[in-house]
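Have the structure open as you read.

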Amino acid sequence: METHESPLKAGVNTGLILGIVMVVITFLIYFINPTTMVSMAYGLVTLALVFFIVIYFGIQYRKSIGGFMDFGAAFKFSFITLFVSGVISVMGNLLLHHIIDPALSSVLVESQLENQIAMLEKFGVADAISSEQLDTMQTDLEAAYTVVGQLKGFGLLLIIYAIFALILGAIIKKRDKSLDY
């Protein structure tokens, strides 16, 4: 009897790979130019990379179990992959922000604030922002880099991961049409 790797085990293995890749990319970007870590381009490129890796390994897993996978298994594979990689990424970020370079958070907050003000200026509403609102924005950004803030952020990411896993599961699944009556 042939045994197949479960979606859970395949997802954990892929999540480990994806998490390590994301931590390596984060550290490389940190060493090259830390302010890039808060740019929209960086976010979009990493999102595309995550989708590509999950789809690639999902299709490889599907092929390894016979070429067909229902949506439930594809969703489970995708969500577990994203969850495990997210845990590893959070640990890498905590290490980077609180042990390796505790001053990094203030640099990133300043860069994010400048980006937000530049965007507000593009829309012509930067003059309407009071200094109290700017202080609140800065306080909120600083709070996001604390340990509690990063853990809260990961909690919110779980909801986003579920949505992404639905999309990825729909892409990865493939039903056996020979079983249709």
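Helices here are DSSP runs of H or I with at least four residues, numbered from the N terminus. Before going further, keep in mind that this is a predicted model, where local features need pLDDT of at least 70, side-chain atom pairs count only at pLDDT 80 or more, and totals for chains, interfaces and linings use all residues. Residues are numbered from 1 along each chain as its sequence is written, and side-chain values use heavy atoms, with hydrogens and water left out.

Back to that pair. Helix 4 covers residues 104–122, and its axis comes within 10 Å of the axis of helix 5, crossing at roughly 135°. Axes are lines fitted to C-alpha atoms, for helices over the stretch in contact, and angles run from 0 to 180 degrees between N-to-C directions. That makes helix 4 oblique to helix 5, since under 35 degrees counts as roughly parallel, over 145 as roughly antiparallel, 65 to 115 as roughly perpendicular and the rest as oblique. On the helix 4 side, Val109, Gln112, Leu113, Gln116 and Ile117 meet Leu134, Met137, Gln138, Leu141 and Glu142 of helix 5; contact means heavy atoms within 4.5 Å.

Now look at helix 1 and helix 2. Their axes come within 11 Å and cross at roughly 155°, so helix 1 is roughly antiparallel to helix 2. This crossing is right-handed too. Among the residues making the contact are Ile17, Leu18 and Val21 of helix 1, and Val50, Ile53 and Val54 of helix 2. Helix 2 also holds Met40, which is exposed, with a relative accessible area of 61%. For reference, buried means under 20% relative accessible area, exposed over 50%, and partly exposed in between (1.4 Å probe, protein chains only).

Next, turn to helix 3 and helix 6. They pack at an angle of about 150°, with their axes 8 Å apart, which makes helix 3 roughly antiparallel to helix 6. Here again the crossing is right-handed. Helix 6 runs over residues 147–172, and its buried residues include Phe154, Tyr161, Leu168 and Ile172. Helix 2 (40–64), helix 3 (71–100) and helix 5 (131–144) are among the elements covering those buried residues. Ala170, also in helix 6, counts as partly exposed at 42% relative accessibility.

What sits in the interior? The largest nonpolar core has 20 residues, and Val54, Leu82 and Ile172 have the most contacts inside it. Such a core is a set of buried Ala, Val, Leu, Ile, Met, Phe, Trp, Tyr and Cys residues joined through side-chain atoms within 4.5 Å. Helix 1 (7–32), helix 2, helix 3 and helix 6 each supply at least two of its residues, with helix 3 giving the most, six. Leaving out residues up to four places away in sequence, Ile172 touches Val54, Ile59, Met69 and Phe77, among others. Apart from this core lies another, of 18 residues, including Phe27, Tyr30, Val38 and Leu104.

Finally, how many salt bridges does a search of the whole structure find? The search finds one, a salt bridge being a side-chain nitrogen of Lys or Arg within 4 Å of a carboxyl oxygen of Asp or Glu. Glu5 pairs with Lys9, the closest N and O atoms being 4.0 Å apart, and Glu5 counts as partly exposed at 32% relative accessibility.

Note on methods
A crossing is left-handed if the near helix is turned anticlockwise from the far one by less than a right angle, and right-handed if clockwise.
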